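I opened this model to look up helix packing, surface patches and charge pairs. My entries follow in the order I made them.

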Amino acid sequence: MDALRGFALLGILAVNMALFSSGFAFTGIADPTFDSWLDDAVEWTIFFLFTMKFYLLFSFLFGYSFTLQMDSAERRGSPFKPAFLRRLAALFVLGIAHAVLLFPGDILATYAVLGLILLAVRNIRPRTAMAIAGLLTVATTVAMVLVGLSGAIATDPASALIEGARSTEALRGSAGQVLSEHLKTLPWSLGTLAVQGPLALASFLIGLALGKHRALADPGAHGQVLRLLQWVGLPIGLSGALIFASFGGTHDTLATAVGYATAPLLTAAYVATALRVFQSPRLRIPTGFLAAGGRMALTNYLTQSLVCALIFTGLGAGLIGKLRPGTVLLLTLGVFVAQLVVSRLWLRLFRYGPVEWLLRAVTYGSWSPASAGARTPKVAA
């Protein structure tokens, strides 16, 4: 699970850094200043391989971990519901702070809201959870097709060009201008709850169902199922991703509908492939680094936004709109590798990342390092 989280961090960073790099990210059109064939190829690759796939993986792992937390509370003989509600409250606060201070495209607040639904249906049967997840995916796809055909959210290119240029200058400005721009973008972020929310909830439910069966406890015992997910998920998922990327990605509503319909299958194929790869003794070292990054997934997710803000906005270098997509993709890989190395070094001293420690402290109502899960540092303070 930790290695899967680490793998998911790469996809999340690839998508989010591309959004950070342009003031046109939330306008509904592509940045017109990036118009070379290489720029188009990089944007296409992000849409094809990453967009709408990796937040579903994080969502699946959230639902799966939920079952582990329930079992842990039962073993300790402690009430689960109050602790989980505190956890959700802390995630919500972190998410709102993250959206205002660093990145309006935050997902934590959405997870906190959807977590309430997960808590309410925690005793649902696995088959029922899977059926509801399927219905949510179909309903969301149909809704997006109808919206696309109606033209209800059509983008005016002229207005989008003006808005994109204005947003770029604001995000390149002072700290006050950057925060003000984030606040202006928040309604868009809230609107994504209606779009991303159903699919995230569907992934929660799939994680809940598989978590009750402990499907990830021994991936080697499910080789046939993993191969089936690859054989089915890769051709269908990649075909849908090809249509999604080639017809505008998130800039086009109907292309987005195709993405909604097929992204869950491609995400499942990613998971199956990763689980099979992680079992290879030859890849023990890179898998260990991914696992270290995954154990600090929340810290790394927030740190990614901090690094991006310092690179692209007026909070730091103010390079928004100045770095080509290819350069941004190389930066993505560099930041990701650095995070894995730092995570590995950190976990030699501590059991949890700093934000994970904070979240556990709020969840379990204790601020002592031992009870919150942090080791005593090997080097004296």
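**Helix packing**

I looked up the handedness first: H1 and H13 cross in a right-handed sense. The model I am reading is a predicted one. Two packed helices are described by the angle between their axes and the distance between the axes, so I noted both. For H1 (residues 2-20) and H13 (residues 325-346) the angle is about 145 degrees, and the axes lie 9 Å apart.

Next I listed who touches whom. On the H1 side I found Gly-6, Leu-9, Leu-10, Leu-13, Ala-14, Met-17 and Ala-18. Their partners in H13 are Val-328, Leu-331, Thr-332, Leu-333, Val-335 and Phe-336. I sorted the residues of this contact by class: eleven are nonpolar, two are polar and none is charged.

**Surface patch**

I then searched the surface for nonpolar residues. Phe-92, Val-93, Ile-96, Val-113 and Leu-193 make a nonpolar patch of about 380 Å². Which helix gives the most to this patch? I noted helix H4 (residues 80-101), with three residues. Phe-92 sits in H4.

**Charge pairs**

Side chains of opposite charge can pair when their charged atoms come close. With a cut-off of 4 Å between side-chain nitrogen and carboxyl oxygen, I counted six salt bridges. One of them joins Arg-324 and Asp-39, at 2.3 Å from N to O. I placed both ends: Arg-324 is in the loop between helix H12 (297-312) and H13, while Asp-39 is in helix H2 (residues 37-49). The pair thus links distant parts of the chain, 285 residues apart.

Note on methods. Residues numbered from 1 in each chain as written. Predicted model: local features only at pLDDT ≥ 70, side-chain atom pairs only at ≥ 80, totals over all residues. Heavy atoms only, no water. Axes fitted to C-alpha atoms, helices over the stretch in contact; angles between N-to-C directions. Helix = DSSP H or I, 4+ residues; strand = E, 2+ residues; numbered from the N terminus. Left-handed = near helix turned anticlockwise from the far one by under 90°. Contact = heavy atoms within 4.5 Å. Nonpolar A, V, L, I, M, F, W, Y, C, P; charged D, E, K, R; others polar. Patch = residues over 30% accessible without salt bridge, like charges linked within 9 Å, V, L, I, M, F, W, Y side chains within 5 Å. Areas by Shrake-Rupley, 256 points an atom, 1.4 Å probe, with all protein chains shown as cover.
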